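Work through the exercises below with the model open beside you. Try each task before reading its solution.

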Protein chains: 2
Amino acid sequence: MITSARNPAVIAARKLARGQARARSGRFLVEGAQGLSEALAAGARPLTVFATPEAAGEHRELLAAAAAAGAEHRMVTAQLLADLAQTLTPQGLVAVVASVVRTIDQIDDPGGLAPAPSMVCVLAGVSDPGNAGTVLRAADAFGADALATTAGSVDLESPKAVRAAAGSLFHLPVIAGADWPRLAAALRDRGLLLIGADPHAEATVDEVPLERPCALVLGNEAHGLPDPVRADLHHLARLPQYGRAESLNLAAAAAVLLYACARRQRLVTGGQR
Amino acid sequence: MITSARNPAVIAARKLARGQARARSGRFLVEGAQGLSEALAAGARPLTVFATPEAAGEHRELLAAAAAAGAEHRMVTAQLLADLAQTLTPQGLVAVVASVVRTIDQIDDPGGLAPAPSMVCVLAGVSDPGNAGTVLRAADAFGADALATTAGSVDLESPKAVRAAAGSLFHLPVIAGADWPRLAAALRDRGLLLIGADPHAEATVDEVPLERPCALVLGNEAHGLPDPVRADLHHLARLPQYGRAESLNLAAAAAVLLYACARRQRLVTGGQR
């Protein structure tokens, strides 16, 4: 049982709350039994599982599965676990997992972006981890083939993003921190229309060809689509707004756009894509 | 210039972060120039405006408008303002404003719920203030006539909800903490179908009559629709989901549902409701 916050394994894990440490180590944190279970089901590689004695008792099978996948099991006090989890209601278990996101260099690898995708979501400069994770969850729910983020966008393996994604990080390929010109070329090569969300666009989502295979591109919460991204897009579209709100929350807008696209694609193909 | 955290006006304002103090005083906090400006435009009554000297210099006209509306202006240090605002990036200005939400007793009053609404959003047990505020913003964006919360739901005048609503609290009538049977009766009396969101419903949103005037009812993030609410609904509907996500984030699901309803109502009426 680890009881000291100065234990090297605890110190190393706690550092993974910071992007630099994640980038350097190629590891990130997954909280809770549900998260670890999704990670294992997706073939992700857990390296260490920290659990309180209570959680270890409750999740014996899960810990055995993690051990079989190569994870080291470390018992910790509830206080240390709460420090690691950074949530107000930690669930007694935090795992250090090998990074699951891919670089643009790996986009063609097995498990990367499919050769003929129907719908891809792109975050171009999104900065809030909660928003990014929520968009990933919506992309998963509406059947996106992949999600990509451009260089300078928030890290989807940050604890807040992982939490907001609620397991979806393990459900679809995520290409992270991509150089935009290379990403745009890869998406176009796969026959995707590049459609950007812009509240000031002339066309509404009903007026752009969402029924065709497309990449839906979302910009920064405050500044919208970066100019170099905007210049490469085939269409800009806005959501129809009937009331007085200045704009939708980014994650809400993304969910609506993904829904509208998935629905149109299935209406056109009679439920099959 | 107030410099002490023990100043009675500062102490009273800081207490408004808590629901009990808001309920007792009938006041809540609005952060930032944009928020205060929206409050004034909507005819809300500011009682006190706390501003740093820098913000006061930058927003002279706004402070004059607030004073004309009866607000007392108090200059505070940046440190005190940061304490009041509870955000990492306070904008130099926090206003104490008289509550703008209505009780179920005021639902028929002028400015309450219109006699023949097309779309109303109901939060039945939603507990996260960020979610509730984001739903209010989406309800505003998609032209809902009003939003209502049931007793036991989160307070839309809590600082986090006000921030997430981004001004929408001042754009449409909000009926708060309503007794469900009375609210349901008032909605039915206005000819609204009661349609609940439930990820386990048999019907999708395309299969329920969203084109008719309706109240869209959302339940708790973890527990869904409360049983007494569920029992009174005309229809349950789920969003079509094509991927592997267990469910959408509540605010994302609400945004999609509001969009789908607003769109169907306008398609049916040729853009006019």
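## Exercise 1: The interface

Task: State how many residues of chain B are in contact with how many residues of chain A.

Solution. In contact with 32 residues of chain A are 32 residues of chain B. Contact means heavy atoms within 4.5 Å. This is a predicted model: local features need pLDDT of at least 70, side-chain atom pairs count only at pLDDT 80 or more, and totals for chains, interfaces and linings use all residues. Residues are numbered from 1 along each chain as its sequence is written, chains are lettered from A and ligands numbered from 1 in the order in which they are written, and side-chain values use heavy atoms, with hydrogens and water left out.

Next, take the area. Chain B and chain A bury about 2900 Å² between them. Carbon and sulfur atoms carry 60% of it. Buried area is the accessible area (1.4 Å probe) that two parts lose on being put together, summed over both.

## Exercise 2: Polar links and elements

Task: Find the salt bridges and polar contacts between the chains, then the elements on the chain B side.

Solution. Start with charge. There are 2 salt bridges between chain B and chain A. The rule asks for a side-chain nitrogen of Lys or Arg within 4 Å of a carboxyl oxygen of Asp or Glu. One salt bridge joins R263(B) to D206(A), at 2.9 Å from N to O.

Now polar contacts. The interface holds 4 residue pairs in polar contact, both residues at pLDDT 80 or more. Such a contact is a pair of N or O atoms within 3.5 Å; within protein, one must be able to donate a hydrogen and the other to accept it, and residues adjacent in sequence count only if both atoms are side-chain atoms.

Then the elements. On the side of chain B that touches chain A, α7 (129–141) and α11 (250–268) of chain B are the elements that give two or more residues. Helices (H or I, at least four residues) are DSSP runs, numbered from the N terminus. α11(B) gives the most, with 8 residues.

## Exercise 3: Symmetry

Solution. A turn of 180° and a shift of 0.0 Å along the axis do it, with an RMSD of 0.0 Å. The two copies are thus related as by a two-fold rotation axis. The superposition is by least squares on the C-alpha atoms of residues with pLDDT of at least 70 in both. Finally, check the surfaces. Of the interface residues of chain B, 100% are also interface residues in chain A, so the copies meet through the same surface.
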